[in-house]
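Hi everyone, thanks for making time for this.

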Amino acid sequence: MLTVVSDTHSTDGHRLTGRTLTAVREADVVIHAGDFHREPVLDAFAAEAATLRAVSGNNADAAIRDRLPADRTVEYAGLRFAVTHTKRGGETALALFGRERAADVVVFGHSHRPTVTETDDVTLVNPGSHAQPRGNRAAHAEFEPVDGDGVLEGRLVTPAGDVFERFRVHGDSIRE
């Protein structure tokens with residue numbers, strides 16, 4: 001399983017609870033789309049995740065910015081994920097960012113609003129914030145391979161374990 005979180009905004013701990021904590025611990029790979037806030041939070045995530053792939057955010061301290069890139073690409077189960085915290089220009093800029101990296105999925109954060117948006121050639125996924133939803137539903141995203149390589153079932157999930165959106169993403173190898 002691949003677990004995606006973002007926008008922790010903490011000064012001393014990961015603030016993971018319930019299903020979100022379980023999903024981070026059980027995941028083969030965890031992607032964090034930025035805004036840990038302080039370096040001890042990054043370290044707390046690294047202690048919980050088997051493999052953590054993260055980016056810095058606009059509220060990252062200097063120590064995090066020194067350790068993490070602003071953007072990165074992550075491969076999982078035959079799909080490519082382009083990861084950033086945010087891009088000026090909204091969905092258009094995010095889709096372009098994904099196309100430039102030959103990505104199947106763009107993972108981003110910043111708004112604290114969990115969303116999944118299909119574009120012509122890339123799926124945009126914001127997992128929301130598990131810890132500071134700012135008027136939105138607290139959430140994270142989970143992805144699991146189905147039907148062999150190149151297809152992932154995705155879901156947006158609350159820390160209480162409620163699945164409130166399901167979707168599928170397909171790799172380029174099976175797109176028509």
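Let me start with Glu-153: it is partly exposed, with a relative accessible area of 23%. Before we go on, please keep in mind that what you see is a predicted model.

So what does Glu-153 pair up with? One partner is Arg-155, and in that salt bridge the closest N and O atoms are 3.8 Å apart. Is Arg-155 buried or exposed? Arg-155 counts as buried, because its relative accessibility is 9% and the cut-off for buried is under 20%.

Glu-153 also forms a salt bridge with Arg-166, and here the closest N and O atoms are 3.4 Å apart. This one links distant parts of the chain: Glu-153 sits in strand S10 and Arg-166 in strand S11, 13 residues apart. Arg-166 is exposed, at 56% relative accessible area.

How many salt bridges does a search of the whole structure find? The search comes up with 13. Another pair I'd like you to find is Glu-39 with Arg-67, whose side chains meet at 2.8 Å, N to O. Glu-39 lies in helix H2, residues 39–48, and Arg-67 lies in helix H3, residues 62–67, so this pair ties together parts that are 28 residues apart in sequence. Glu-39 counts as partly exposed, at 25% relative accessibility. Arg-67 counts as partly exposed too, at 41%.

Okay, on to the inside. The largest nonpolar core has 21 residues, and those with the most contacts inside it are Leu-2, Ile-31, Phe-81, Val-107 and Phe-143. Several strands each supply at least two residues of this core, among them S1 (2–5), S2 (29–32), S6 (105–107) and S9 (140–145). Which strand gives the most? That's S5, with three residues.

If you click on Val-107, which residues does it touch? Leaving out residues up to four places away in sequence, Val-107 touches Val-4, Ile-31, Ala-33, Phe-81, Ala-82, Val-83, Thr-84 and Val-125. There is also a second, separate core of 16 residues, which includes Val-5, Leu-42, Phe-45 and Ile-64.

Last stop: two residues with a backbone angle worth a look. Asp-7 has a positive phi of about 50°, although it is not a glycine. You'll find Asp-7 in the loop between S1 and helix H1 (18–26). How much relative accessible area does Asp-7 have? The value is 0%, so Asp-7 is buried.

The other residue is Asp-35. Its phi is near 70°, again a positive value in a residue other than glycine. Asp-35 is found in the loop between S2 and H2. At 2% relative accessibility, Asp-35 counts as buried.

That's my tour, so please go ahead with questions.

Key:
Residues numbered from 1 in each chain as written. Predicted model: local features only at pLDDT ≥ 70, side-chain atom pairs only at ≥ 80, totals over all residues. Heavy atoms only, no water. Core = buried A, V, L, I, M, F, W, Y, C linked by side-chain atoms within 4.5 Å. Buried < 20%, exposed > 50% of the residue type's maximum accessible area, 1.4 Å probe, protein only. Helix = DSSP H or I, 4+ residues; strand = E, 2+ residues; numbered from the N terminus. Contact = heavy atoms within 4.5 Å. Salt bridge = Lys/Arg side-chain N within 4 Å of Asp/Glu carboxyl O.
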